[in-house]
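Welcome! Please take a look at the sequence and the model below, and keep them at hand as you read.

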Amino acid sequence: MVTGGVAPYMDLPATGMDKYGRSGRGYAEGRFRGERLLYGEVEYRTTLTSNGLLGMVLFLNTTTLSNSATGERLFDDFATGAGAGLRVLLNKRSKTNLCFDVGVGRQGSRGIYLAVEEAF
């Protein structure tokens, strides 16, 4: 927390810098960084098998930020990413999944993401 002055660059909010590194799928960690960052994401999840062992997800996310160094303000530009993923159920009681996602963003940005548990 900065109460006066300017925060160091590496401490500014950025994509992929959340607690679990799951924001901004489709972009590299820290690809978008600024004084203010607004991020939103939606997912559609469904099962592929009747017993719930296999599932899939489709996701869409967007980021906008402000950066005084470049003169960019919130809502001037949006970085949108989208993708799909597969889920393998590891524990039915706790609904723990092994997640494999592929995301794409603008200007040819893309990424592969592996995780245990859902992003949200």
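Predicted model: local features only at pLDDT ≥ 70, side-chain atom pairs only at ≥ 80, totals over all residues.

Residues are numbered from 1 along each chain as its sequence is written, and side-chain values use heavy atoms, with hydrogens and water left out.

**Aromatic pairs**
- You can find two aromatic pairs here (rings of Phe, Tyr and Trp, with its six-membered ring, whose centres lie within 6.5 Å; planes under 30 degrees apart are stacked, over 60 edge-to-face, the rest tilted).
- Tyr-27 and Phe-32 form an edge-to-face pair, because their ring centres are 5.0 Å apart and their planes meet at 80°.
- The pair of Phe-75 and Phe-78 is tilted, because the planes are at 50°, with centres 6.2 Å apart.

**Charges over rings**
- Arg-25 has its charged end over the ring of Phe-59, 4.0 Å from the centre (CZ of Arg or NZ of Lys within 6 Å of the ring centre and within 35 degrees of the ring normal).
- Phe-32 also has a charged end over its ring: that of Arg-31, 4.5 Å from the centre.

- Phe-75 is exposed at 52%, whereas Phe-78 is partly exposed at 37%.

Methods. Buried < 20%, exposed > 50% of the residue type's maximum accessible area, 1.4 Å probe, protein only.
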